[in-house]
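Let's take a friendly walk through a protein model together. Have a look at the picture first, and then we will go through some of its parts one by one.

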Amino acid sequence: MKLSVATNFKADFLDAIKGYPVTELFGKLPSDSIGGGRASFMLSPLTVAQLKEHIRSAAAQGIGFNYLINTACMDNREFTRSGQADLERLLELVEECGATAVTISLPFLLPILKKRHPGLKVRVGVYARIDSVAKARFWEELGADCITLESISVNRDFAMLKAIREAVKLELQLIANSNCMMFCPLSGQHMVNLSHASQKGHASRGFMIDYCALRCSAEKLADPGNYLRSEFIRPEDLDTYAKIGFTSFKILERGAPSAVLAQRVRAYSEGRFDGNLLDLIQPYGYKDSAGAAPGWSENLWTFLKYFFRPGTVNTSELLKLKKLAEKRGLLSAMDWDPVYIDNRKLDGFLAGMREIDCRVTDCSRCGYCAAWTGTAVTIDSKFQSEMLALYADAFGSLYSGRFWGVEARTVKKS
């Protein structure tokens, strides 16, 4: 088994994962000319010197580094002289810092990398949305060294996983601990939103209302079955994937404290976890051994830098949204578990999923995940009702235009 693990670039991170089968770290600067899969406000501040030193320290432990240029959209700048110059400067910097690989999602970038920077391995990220034999073959023939398959479409489609594995020879990788909903209709918009929110020079200047994350987290609270109608792979189920040829897995999330990342690496390395499954798969609301880890939102400068836009949004509405996000744990850590998924009570869950073709199945008629939810998932009812009311108000503000101060004066009749 090989683990590619997100890094938070903290001083204690490398020691925390020492001794486990981690072959590669992945991460990037909070912003650069190309952008990537997370908004700048989600990531810790990082200088080029710190990036270089982190890569050097990882190499001393025999661990490679994968720099992410996995943007879903470059605003067509890849077809301009200035855009190409920015790309080349970034790639030169990445190599100078000692990276061994880069992750991309745009097909046009792969042959550029192979021609100009043949010393870098090229991995294709989940934002490329590879979920079929034809797509995998396309990228292999283009020269990719590794493909991370689109987890929301294939992580539980074993017929497709087997077909792709048999069709291509290059390394295939699966994201193990993401909790996006299967076939999520928000994913395309989310990828583009996040990409632009980490691009230097973009008109948004890093500002982003993460509507997709808000909607996703609300959907899960409203219908807890959505926690299980998801892409996650439990540590206990890695062997199921290994038997059809998948032994390379990615562990998320770059914004997590070192203790949380180490817990995830340990669980997937050992193939077992006792506790709240959300501690492994949820990309927010982190806790560490000392209790609640400080969230970025406690840093006033960070809030002002990325979100204080009085000329863009209604400040009072933004502060209400900030309160919701903090209470939900989206932007800061929590010191309790309002939602608890008992991992031990999910033993046997995947076996039944293998008999269901979710791509053509109506969840409301199937009922499989709903039944397991009743057994394994508990939610604090007071928290659930309070949060759903806050979500309803937030979405009302966004949809009506109140959030930006541009509410329609009249409602047009269709």
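We can begin with Leu149. Setting aside residues up to four places away in sequence, Leu149 touches Val126, Ile130, Val154, Leu161, Ile164, Leu172, Gln173, Leu174 and Phe246. Keep in mind as you explore that this is a predicted model.

The largest nonpolar core holds 129 residues, and Leu25, Tyr67 and Leu149 touch the most other members. Helix 18 (residues 381-400) gives the most to this core, with 6 residues. As background, nonpolar side chains tend to be buried together in soluble globular proteins.

What holds the strands of a sheet together in general? They pair through backbone hydrogen bonds, either parallel or antiparallel.

Let's look at where strand 1 meets strand 8. Strand 8 (residues 248-251) is joined to strand 1 by 4 bridges, and the two run parallel. Across this pairing, Leu3 stands opposite Phe249 in strand 8.

| Element | Residues |
|---|---|
| Strand 1 | 2-6 |
| Strand 8 | 248-251 |

Next comes Thr7, in the loop between strand 1 (2-6) and helix 1 (13-16). Is Thr7 buried or exposed? Its relative accessible area is 1%, under the 20% cut-off, so Thr7 is buried. Leaving aside neighbours within four places in sequence, Thr7 is in contact with Phe13, Leu25, Phe26, Gly27, His54, Phe65 and Arg254. With His54 there is a polar contact between the two side chains, at 2.7 Å.

Finally, turn to helix 17 (residues 368-376), whose buried residues are Tyr368, Cys369, Trp372, Thr373 and Ala376. Why do they lie on the same side of helix 17? They do so because they cover an arc of only 130 degrees around the axis. Among the elements that cover these buried residues are strand 11 (339-341), helix 15 (349-353), helix 16 (363-366) and strand 12 (377-379).

Key: Residues are numbered from 1 along each chain as its sequence is written. This is a predicted model: local features need pLDDT of at least 70, side-chain atom pairs count only at pLDDT 80 or more; totals for chains, interfaces and linings use all residues. Side-chain values use heavy atoms; hydrogens and water are left out. A nonpolar core is a set of buried Ala, Val, Leu, Ile, Met, Phe, Trp, Tyr and Cys residues joined through side-chain atoms within 4.5 Å. Buried means under 20% relative accessible area, exposed over 50%, partly exposed in between (1.4 Å probe, protein chains only). Contact means heavy atoms within 4.5 Å. A polar contact is a pair of N or O atoms within 3.5 Å; within protein, one must be able to donate a hydrogen and the other to accept it, and residues adjacent in sequence count only if both atoms are side-chain atoms. The arc is that of the directions from the helix axis to the C-beta atoms. Two strands pair if DSSP finds at least two bridges between them.
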